[in-house]
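Take each task by yourself before you read on.

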Amino acid sequence: MAGVQTAVQLREQGWPGGIRLIGSEPHQPYDRPPLSKAVLLGKTDDAALDVDFGSLGVDLELGRDVTALRPGERLLETGAGTVAYDHLVIATGAEPVALPGSDGVPGVHLLRTLDDAARLRPVLAGRGEIVVVGAGWIGAEFTTAAREAGCAVTVVEAAGEPLPGALPAEVTSHMRAWYGESGAHLRTGVAVRSVERGGAVLADGTRLRADAVVVGIGSRPATGWLAGSGIELGGDGGVFADEGLRTSAPHVYAVGDCASFPSARYGERLLVHHWDNALQGPRVVAANIVAGTLPDGEAEAAVYDPVPYFWSEQFGRFIQYAGHHTADDELVWRGSPGEAAWSVCWLREGRLNALLAVGRPRDLAQGRRLIGSGAPVDAERVADAAVPLKKAVR
């Protein structure tokens, strides 16, 4: 998404030169959200993005691995030879974290690519027993699809509650029941010691039989190929970009899941692994590349400081999140988590910092605007689910 949108935005913003879009996968560029839903369930085979690359004058080079970068020479190294560039945009995304010791074990799956989804489709069609390692976003979405397909699912999470690291336990503890309601079995507070043909062994010695083990324990920026390039990386592996998504090397930008950027809004550097980030960042990258071709003073540098946003569909619920919260923020409930629809808000110094909405899209839309504006809000009105969030402004 990030690479494709950068190409589209370059054309829309007036870039006159050639554009080459290089990708390691052989497939036409595709969207990822359907992989854990319609594609996985066999409801569609087509996740391709609706972009006419020919009319945009974008040269697609598919199935081509990029192995190294030599920014001093403005050259990429690939398995099919070197590629010269005037400007380079790194949009290599993120790669799933593998479970140690699982490489090559039959029946162990990841879910990140179109090929991953294709390998998992017959598993769901067979309605067998599945162990899911990790109760994060991808684990929950896969479990939802597997239960819809009629599979028996056990989810194993090392942390005490689902969605660890993403949301506080006082919120996610109310999501535990969703697994049971769907017919899935959730086991928390125990890690997977190993996987083997036919199942998994837990740290407490329990053996879980499975026709397939699906690992969803997180992802990390796909930046290993940049070793030795001189491109600065953060401790999280993300490309260290500035407020305009420029990297430490001249004429090189980074966007999407692989790039971290400084947020003046939140006073810290963010690494956002979500679809909306891959959609929005390319506008800034394209603007800054095009601005660099104009005479001095004719264009201002574009700055990237979004209100992060993502959504998840799981267990019959539509979950949305906007903003960025920390443990120091004040947590305010809107509605009861025992009901079908509710929200959680995080306030800092009297302003809305982040919001989680379960089945309350109006809260999300209004809250996202409040976060963007930085308007002060009244905490008591925020806590009243009957009061529209836009009416909580002081």
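Buried means under 20% relative accessible area, exposed over 50%, and partly exposed in between, with a 1.4 Å probe and protein chains only. This is a predicted model, in which local features need pLDDT of at least 70 and side-chain atom pairs count only at pLDDT 80 or more, while totals for chains, interfaces and linings use all residues. Residues are numbered from 1 along each chain as its sequence is written, and side-chain values use heavy atoms, with hydrogens and water left out.

**Exercise 1. Backbone angles**

Task: find where histidine 251 lies, and classify its accessibility.

Solution. Start with the location: histidine 251 belongs to the loop between strand E17 (239-240) and strand E18 (252-254). Helices (H or I, at least four residues) and strands (E, at least two) are DSSP runs, numbered from the N terminus. Next, take the accessibility: histidine 251 is partly exposed, because its relative accessibility is 34%. Finally, check the backbone: its phi is positive, about 65°, although histidine 251 is not a glycine. Most residues other than glycine have a negative phi.

With 61% relative accessibility, arginine 127 counts as exposed. Its phi is also positive, near 50°.

**Exercise 2. A residue in helix H3**

Solution. Alanine 125 is part of helix H3.

**Exercise 3. Salt bridges**

Task: how many salt bridges does a search of the whole structure find?

Solution. The criterion comes first: a side-chain nitrogen of Lys or Arg within 4 Å of a carboxyl oxygen of Asp or Glu. The search gives 22 salt bridges. Let's work through some of them.

- Arginine 220 and glutamate 95 meet through their side chains at 3.6 Å, N to O. Arginine 220 lies in strand E16 (residues 219-221) and glutamate 95 in strand E7 (residues 94-96), so this pair ties together parts that are 125 residues apart in sequence. Both partners are partly exposed, arginine 220 at 43% and glutamate 95 at 32%.
- Arginine 176 and glutamate 161 form a salt bridge at 3.4 Å, N to O. Arginine 176 is in helix H6 (residues 176-182), and glutamate 161 in the loop between strand E10 (152-157) and helix H5 (169-172), 15 residues apart. Glutamate 161 is buried at 19%, whereas arginine 176 is partly exposed at 29%.
- Glutamate 25 pairs with arginine 32, with the closest N and O atoms 3.8 Å apart. Arginine 32 is partly exposed at 34%.
- Arg20, Glu61 and Arg64 are linked in a network of salt bridges.

**Exercise 4. Cysteines**

Task: how many disulfides does the structure hold, and are cysteine 151 and cysteine 258 buried or exposed?

Solution. Apply the cut-off, a pair of cysteine sulfur atoms within 2.5 Å. The structure holds zero disulfides. Cysteine 151 has a relative accessible area of 0%, so this residue is buried. Cysteine 258 is buried too, with a value of 0%.
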